[in-house]
Amino acid sequence: MSIRERLSGNEAAATAMKQINPDVVAAFPITPSTEIPQYFSTFVANGAVDTEFVAVESEHSAMSACIGAEAAGSRAMTATSANGLSLMWEMIYIASSLRLPIVLSLVNRAVSGPLNIHNDHSDAMGVRDAGWIMLFSENNQEAYDNTLMAHRIAEHKDVMLPLMVCQDGFITSHSIENIELEEDEKVKEFVGEYHPEHYLLNKKEPIAVGPLDVQTYLFEHKAQQAKAMINAKKVILEVAKDFEKMTGRSYGFFEEYKLEDAEIAVVCMNSTAGTTKYVVDKLREKGIKAGLLKIRVYRPFPAEEIAEALSHLKAVAIFDKADSLNAAGGAVFEDVTSAMYVNQKNVPAVNYIYGIGGRDTKADDIEDVYTELLEIAKSGKVENPYRYFGLRKGGDKNAL
Amino acid sequence: MPYNVKEVVGNKPSRFTAGHRMCAGCGAPPTIRMIMRALKPEDHAVVAGATGCMEVSSFIYPYTSWTDSFIHTAFECAGATLSGAEAAYQSMKKQGKIDNTTKFIAFGGDGGTYDIGLQSLSGAMERGHDMVYVCYDNGAYMNTGIQRSSATPKFADTTTSPAGKVIPGKMQSRKDLSKIMAGHHIPYVAQTIGYMNFKDLYEKAEKAIYTEGPAFLNVLAPCPRGWGYPTDMLMQINKLAVETCYWPLYEVIDGKYKINYKPANKLPIEEFLKPQKRFKHMFKPGNEWMIEEFQKEVDARWQDLEEITNKN
């Protein structure tokens, strides 16, 4: 029996962590993810978990300690946001190259500068090619569910990669919504125990981790990481199937919302999908065939599947809550359009950078995007594929 | 049992094996081998290495010189990495997932310890992890080619503090890391070196490893490339560092300072400086002031140490 509760996104992530009961949590405070280690240290203080909580002196040390703990043979988890992830950056690459299935709760926030504590995806986009599995969550329920599935994916013998569960700072992390929780025992059974093949604390088989890896070997080791990321696709779907059996909640690489018969659609991630669904419903009432594709699994990137799912559209808008500042478009836009090109799906596509630094993402703005998509669908032409929405009036709404 | 070098070396197999690529005449390998010998034979160890000469010379894929478990992650975080492994041990032991005794030892050069790794080290010590952090201090970034660090002595000629026509080497004094670590109020801090059959080094390593809680060892480890001495002179350089009081041997046990060796005849600092090319310019006519100033600093630091010790 699921338990009906009301929790914020941070509470949802912390509750999942409590039920997973990892051996080690090493974390450092940073808004808006601070609450996760706060809640978690309360669980530790009250003896609700077996975890050693390591209150490190920086995020660099948080990830370093997680690497040490995971290599030692334990389950290690952490949480961070924005600059915290930037400070971890060096260790993020090392964690994945050492094939350590660490799980990180990333509460997305704008990376400085200037300093801004509010939501966008610039933190996650900064590590998108670091060899981590990246799951995005529309709301508290998905943040919880993704966290429960995380270890099963990351620790799978064909994968052995670290994984981050993303949710939008404040919008999700600090908003209290209804949620269905699973019972502790069921979670314990679903997640299972971690028995690594090789680990530092195994006296019978001492190992050495993190060598100097010269020209003769590094390329092969990187190719193994690449293979593991490809393998993760299958595992993610298998775990989702098992999860559905337990909860009745279904997950894939992405969610298609009224996409099947849509003529125009938006592609986005995290909380914006909720607002977009509202707009899609509104447009559908007017007879406009609008749809949505919400990416859940961003790394590994389900290129072929996304291209196929969008192939029937007359126009598509891809949203990026982080600008790549490359004069060409955001990261999600480039991923989606290159997937479509490679899979020979020729749909006019346009990119919108939006919501930077916590700028409110309004239903009206999204509705305007669909209006522009209708025009593109009609003409079949995209004059300027690299656009913004939500800039304050006085700045050009659509073009830079 | 009183220390006997023959017995220690004869009865305890080396846990840091031959085949590593460290230079002849380097102070680090004998230091590390002896520290590892201080482990009880039945105890397992998890060793963390900061990026540096020791790491890149002892663990080149697919070979390793370490017979215990070893982990290297990056330059600045041996302290944090090992603290995570130690936390895993505490957690798993508490839960009954493991039953052996494992000790935790980190090795970092002065670059990875005095400079870029200071924060990570400080955090690990403050949090009270049951581990030993060993700095093998060779007084510069030797792995990247002899760049100055905050452990580099004043006036030393390095590739980023070259002795030039206007600036005669490094113009700043050496950071006193051992005292900084003593300031963390951890149970055990010691400064040592491979001297007198490694007695001081071995005994301090044993204390550091088997003292519950965090411990810090600062070991001077001369570098023939960076210091410019003949490779067969290593032990002589070690001796001169101690006999001139450049590198005092002392320990701080639960906040109490104790000097472990007082030279009967303190040698003038020239004796230590002279065989090293990095100080060559100090012996040019007109540069006598540099040697005088160096001597003054050594004397002042030694006096300070004696005063602190006498207060106990």
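This is a predicted model: local features need pLDDT of at least 70, side-chain atom pairs count only at pLDDT 80 or more; totals for chains, interfaces and linings use all residues.
**Exercise 1.** Which strand of chain B do two bridges join to β9(A)?

*Solution.* Residues are numbered from 1 along each chain as its sequence is written, while chains are lettered from A and ligands numbered from 1 in the order in which they are written.

Strands are DSSP runs (E, at least two residues) and helices are H or I runs of at least four, numbered from the N terminus. Strands pair if DSSP finds at least two bridges between them. The partner of β9(A) is β2 of chain B, residues 69-72. The two strands run parallel. In β2(B), Phe70(B) stands opposite Ala208(A).

**Exercise 2.** Describe the side of chain A that touches chain B.

*Solution.* Contact means C-beta atoms, placed from the backbone, within 7 Å. Chain A gives 39 residues and chain B gives 40 residues. On the chain A side, elements giving two or more residues include α4 (82-97) and β9 (208-209). The largest share, 10 residues, comes from α3(A).

Now sort by type. Nonpolar means Ala, Val, Leu, Ile, Met, Phe, Trp, Tyr, Cys and Pro; charged means Asp, Glu, Lys and Arg; the others, Gly among them, are polar. The chain A side has 23 nonpolar, nine polar and seven charged residues.

**Exercise 3.** Find how α6(A) and α7(A) are oriented.

*Solution.* Axes are lines fitted to C-alpha atoms over the stretch in contact, with angles from 0 to 180 degrees between N-to-C directions. The axes of α6 (residues 140-154) and α7 (residues 184-191) of chain A cross at roughly 25° and come within 9 Å. Therefore α6(A) is roughly parallel to α7(A) (angles under 35 degrees).

Technical notes:
Two residues are in contact if their C-beta atoms, placed from the backbone, lie within 7 Å. Angles under 35 degrees count as roughly parallel, over 145 as roughly antiparallel, 65 to 115 as roughly perpendicular and the rest as oblique.
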